[in-house]
Amino acid sequence: PLFGTNEKRGQREQVQVKNPYLDTMEEDILYHFSLSTKTHNLPEMFGDIKFVCVGGSANRMKAFAQFMHNELELPGNPEDIRDICEGTDRYCMFKVGPVLSISHGMGVPSISIMLHELIKLLHHAQCRDVVLFRLGTSGGVGLAPGTVVVTDKAVDYSFQPQFEQVVLGKVITRSTELDEGVASELLQCSSELPNLPAVIGNTMCTHDFYEGQGRLDGALCSFSHEEKLEYLRKAYEAGVRNIEMESTVFAAMCRVCAAVICVTLLNRFDGDQITAPHDVLVEYQQRPQVLVSHFIKKRLGQIV
């Protein structure tokens, strides 16, 4: 993976980047964060980060930061949390104690750009022992709406645990297996929380919300209802329990100490449209946040 924390004598080293050219640069401009190694003291700003939580929506990640501020009982008003990336409207970033909360937009290209700059940020800031989480929403495959899926393997459209990237006109393939220890720890945390149904399963990552996920309700549709159900059945048999649009590149770039936690908003065997009432969807979307908060507080020794 691009992201590494080479273990040595039980101690993890600081975040590594797999790019020899970075060492030769006088300045590294993290353009989409509106940050730079020359204009900002990154070790001072971010050196104490231990947990990084990323999710698609800017509003949701701000709400998560405010939620963590309260959960960790930090001083000050959570309403006053400032967007560190306010110089750009591409992503937003909030820091609460040892937790960094960042939005990544929708789809592989958007999260991939963010992850390159995030991993470099953690490296420049000399962060150690960092755990990364993607918190999201997804379509369930054979699961009741509201179930939280902790990803075992992030798989592609053919159910393979791999991420294909075109580099200089050639397709290269990277593995997408995630940290099993973190996943089982999260599942254990879910059993300690009320109203938090969770499973470990494979997550299929697609490059589209509509046809790419076998939806019949897009502007284009080139297949039948039967073909859709057949594809979903094959996915289910391959261990897929939910579908979203970012997990493979997240896993490929962050494999060491990373987890994907997505709630299902519907069961795709039952339909394509998200019909649950707004207040129900809001509560569903809080479930991954509550689970990760519990994990973080246990790691910090705030919950025995």
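This is a predicted model: local features need pLDDT of at least 70, side-chain atom pairs count only at pLDDT 80 or more; totals for chains, interfaces and linings use all residues.

Aspartate 129 belongs to the loop that runs between α3 (108-124) and β10 (131-140). Its backbone deserves attention: phi is positive, at about 55 degrees, although the residue is not a glycine. Most residues other than glycine have a negative phi.

Proceed to asparagine 195, in the loop between α4 (180-191) and β14 (198-205). Here, too, phi is positive in a residue other than glycine, with a value near 55 degrees. Is asparagine 195 buried or exposed? At 57% relative accessibility, asparagine 195 counts as exposed, since the limit for that class is over 50%.

**A pair in the loop and helix α7**

Remain in the loop between α4 and β14 and select glutamate 192 together with lysine 298. The two residues form a salt bridge, and their closest N and O atoms are 2.9 Å apart. Lysine 298 lies in helix α7 whereas glutamate 192 lies in the loop, so the pair ties together parts that are 106 residues apart in sequence. Glutamate 192 is partly exposed, with 34% relative accessibility. Lysine 298 is likewise partly exposed, at 28%.

**A buried pair of strands**

Next, display arginine 134 and glutamate 244. A salt bridge joins these residues, with the closest N and O atoms 3.0 Å apart. Which parts of the chain does this pair tie together? Glutamate 244 is in strand β15 (residues 240-244) and arginine 134 in strand β10, so the bridge connects parts that are 110 residues apart in sequence. Glutamate 244 is buried, with a relative accessible area of 3%. Arginine 134 also counts as buried, at 3% relative accessibility.

For another setting, select arginine 82 and glutamate 86, whose side chains meet in a salt bridge of 2.9 Å, N to O. Arginine 82 counts as partly exposed, at 48% relative accessibility, while glutamate 86 is exposed, with a relative accessible area of 54%. The structure holds 14 salt bridges, among them the pair of arginine 82 and glutamate 86.

**Annotated positions**

Now select Arg90, Arg134, Leu135, Gly136 and Thr137, where UniProt, in an unreviewed entry, places the feature "binding site". Of these residues, Arg134, Gly136 and Thr137 are included in the lining of the largest pocket.

Two of the annotated positions may be examined individually. Arginine 90 sits in the loop between α2 (58-71) and β8 (93-96). With a relative accessible area of 59%, arginine 90 is exposed. Glycine 136, by contrast, is found in strand β10 and counts as buried, at 5% relative accessibility. What does glycine 136 touch, leaving aside residues up to four places away in sequence? Its contacts are Arg60, Ile261, Cys262, Val263 and Pro288.

**Glycine 55**

Select glycine 55 in strand β7 (residues 51-55). At 0% relative accessibility, this glycine counts as buried, because the buried class covers values under 20%. When residues up to four places away in sequence are not counted, glycine 55 touches Met61, Ile102, Ser103, His104, Gly105, Arg134 and Leu135. Arg134 and Leu135 are also among the positions that UniProt lists under "binding site".

**A patch on the surface**

For the last stop, switch to a surface display and select Phe209, Tyr210 and Ile274, which make a nonpolar surface patch of about 240 Å². Isoleucine 274 has its place in the loop between β16 (258-267) and α7 (278-299). At 38% relative accessibility, isoleucine 274 counts as partly exposed.

Methods. Residues are numbered from 1 along each chain as its sequence is written. Side-chain values use heavy atoms; hydrogens and water are left out. Helices (H or I, at least four residues) and strands (E, at least two) are DSSP runs, numbered from the N terminus. Buried means under 20% relative accessible area, exposed over 50%, partly exposed in between (1.4 Å probe, protein chains only). Patches are made of residues with over 30% relative accessible area and no salt bridge: like charges are joined within 9 Å, nonpolar side chains (Val, Leu, Ile, Met, Phe, Trp, Tyr) within 5 Å. Accessible areas come from the Shrake-Rupley method with a 1.4 Å probe; for residues, only the protein chains shown count as cover. A salt bridge is a side-chain nitrogen of Lys or Arg within 4 Å of a carboxyl oxygen of Asp or Glu. UniProt positions are given in the numbering used here, feature names are shortened, and annotations may be inferred rather than shown by experiment. On a 1 Å grid over the protein atoms alone, a cavity is a set of points where a 1.4 Å probe fits but cannot get out, and a pocket is an open set with protein on both sides within 12 Å along at least five of seven lines; lining residues have an atom within 4 Å of a point. Contact means heavy atoms within 4.5 Å.
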